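Hi,

Here is the structure for you to take over. Please open it first, then read the notes below it.

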Amino acid sequence: MQPLGTGIGWRPEIAEAVERMPGIDWVEAVAENVCPGHIPDSLQRLRARGVTVIPHGVSLGLGGAERPDEDRLTALAERAEALIAPLVTEHIAFVRAGGPLTASTRLEAGHLLPVPRTRDALDVLCENIRIAQAALPVPLAVENIAALISWPGEEMTEGQFLYDLVDRTGVRLLIDVANLHTNHVNRGEDPAKALDELPVEAIAYVHVAGGFERDGVWHDSHAHAVPPAVLDILADLASRVRPPGVLLERDENFPEPAELERELATIRETVEQSPNANARPSGVRAETSGVRDQGAPQDNADTEAPRQRLALAQTALLSALVAGTPTPEGFDRSRLAVQARALASKRADVVAKVAPELPEFLAGAYRTHFLAYANDHPMTDGYRHDALAFAEHLLLHGRLEDADVQRQLSDWWLERSGPAPLSRRPAARLARATRRVLLRR
């Protein structure tokens, strides 16, 4: 794989600015936001200029107890092929729990949650990654995540966990130095020790991002400037090995393009001025005979029992975070409360983005209504389904006093709640709405 250079996370809000930025060698796009048959014009123009585009998945849940979903893998593969990407990336995280392994309702986190660094979790993760590698047309790299919480009874450090993961699967690493900083503040983990232990030669590229600290907790917001502490970790990593690519992530609260360009220049200088700047880049190994690593080690660990144990543990944790069940033994109750509030807040923010009409209808009452709803209605599907379920809940139980808001919300829900376009005939619409309400009750 050729070195990537300096890049930025492509987002629709800054698409035009990214196209005009000097020195952009590559971009990363959230895979779930790209439709293979309708690639955004901006990404097509970047591709035509020779700018590499890499799809970055957020919903596969490779660290979960279940094997990767075939449809999600197929969708990720389609995006890699549509973008002519040299690799795809995902996260070492779980994003859902429950379901058949625990004979319980499936719950969605709507967020990346940490995997316990145990041998059980490692066995499951290794098999899940091998399944993903076999289904993808290009190499896979996986990212370390930021966390507010720590699992009790962990058996390995992050560096040891990642080293064994690479050793057993041959997977590449996407190292997020901002996440190393987050885990330093929130979990007391030394970034330098993690860099000492992890296999830096397996790094495919590096993420850099900003955040903020509140009440002793660091929030990896991707909505703030990159702080000096994160740049220091980047410099430490670059002094050990030259990363093939470095990318600035920004997901919201976008500044003027000139400020983003200054951040990119600082990131580029941090890497180039490191003592190891002229070293051979990581990731350039004797593994490029095909589109994916051909010699990745294989093991035959029986994962059925580890999957069952992991499923129970992850379901208990996620249920405590999104459904108000008791805190599992060994977890910090106050820290779980912080994480639960953060999940509910993010859920409200994302629903407002995927269904912007809802905050328009409800105005200043949107957030109050949604957080009250989320308190006892955990997410069981994606955000678009969540928006519909929230609207339905308000129509049935929300006690909306404004008749105009009630009408707007009802019309919006009726237009989007079925698998096919609704009939425009009033009688048909009324019959459908009546049937759904009766079934609900």
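A term to start with: buried means under 20% relative accessible area, exposed over 50%, and partly exposed in between, with a 1.4 Å probe and protein chains only. The model is predicted, so local features need pLDDT of at least 70 and side-chain atom pairs count only at pLDDT 80 or more, while totals for chains, interfaces and linings use all residues. Residues are numbered from 1 along each chain as its sequence is written, and side-chain values use heavy atoms, with hydrogens and water left out.

**Overall**

The chain has 16 helices and 12 strands. Both are DSSP runs numbered from the N terminus: helices are H or I with at least four residues, strands are E with at least two. Of the 441 residues in the chain, 53% are buried. Take the contacts with a separation of 6 or more: residues 24 or more positions apart account for 76% of them. Contact here means heavy atoms within 4.5 Å.

**Strands**

Strands count as paired if DSSP finds at least two bridges between them. Start at strand β4 (residues 88-91). Four bridges join β4 to strand β7 (residues 140-143), and the two run parallel. H91 stands opposite E143 in that pairing.

β7 also runs parallel to β8, joined by three bridges. There, A141 stands opposite R172 in β8. In a regular strand the side chains alternate between the two faces of the sheet. In β7, L140 and V142 point one way, A141 and E143 the other way, and all are buried.

Next, strand β8 (residues 172-176) pairs with β9 in the parallel sense over four bridges. L174 faces Y205 in β9. β9 in turn pairs with strand β12 (residues 245-248), again in the parallel sense, over three bridges. H207 has L247 of β12 as its bridge partner.

Why is strand β9 (residues 203-208) largely enclosed by the rest of the structure? Six of its six residues are buried.

**Largest cavity**

Cavities and pockets were found on a 1 Å grid over the protein atoms alone. A cavity is a set of points where a 1.4 Å probe fits but cannot get out. A pocket is an open set with protein on both sides within 12 Å along at least five of seven lines. Lining residues have an atom within 4 Å of a point. Grid points are joined across faces, edges and corners, and a volume is the space filled by probe spheres set on the points.

The count is one cavity of 30 Å³ or more. The largest cavity has a volume of about 120 Å³. Its lining includes I92, P114, V115, R117, E158, F161 and R187. α5 (158-169) and α6 (177-187) each supply at least two lining residues. α5 has the largest share, with three residues.

By class, that lining has six nonpolar, two polar and three charged residues. Nonpolar covers Ala, Val, Leu, Ile, Met, Phe, Trp, Tyr, Cys and Pro; charged covers Asp, Glu, Lys and Arg; the others, Gly among them, are polar.

**Second largest pocket**

This pocket holds about 360 Å³ of space. It is lined by 22 residues, and the closest to its centre are L321, V322, A340, A344 and N375. β6 (104-113), α10 (304-322), α11 (333-354) and α13 (366-375) each give two or more residues to the lining. α11 gives the most, with eight residues. The lining divides into 14 nonpolar, five polar and three charged residues.

α11 has 22 residues, which should span 32 Å at 1.5 Å a residue; its end C-alpha atoms are 31 Å apart, which agrees. The expected span is 1.5 Å times one less than the number of residues. Buried residues in α11 include R335, L336, Q339, R347 and V351.

**Loops**

Which residues have a positive phi without being glycine? D215 is one, at about 55°. N253 is another, near 55°. D215 is found in the loop between β10 (212-214) and β11 (217-219), and is exposed at 77% relative accessible area. N253 is in the loop between β12 and α9 (257-272), and is exposed at 52%.

A103 lies in the loop between β5 (94-99) and β6. A103 counts as exposed, at 75% relative accessibility. A103 and L312 are 209 residues apart in sequence and 9.9 Å apart in space, C-alpha to C-alpha.

Over to you.
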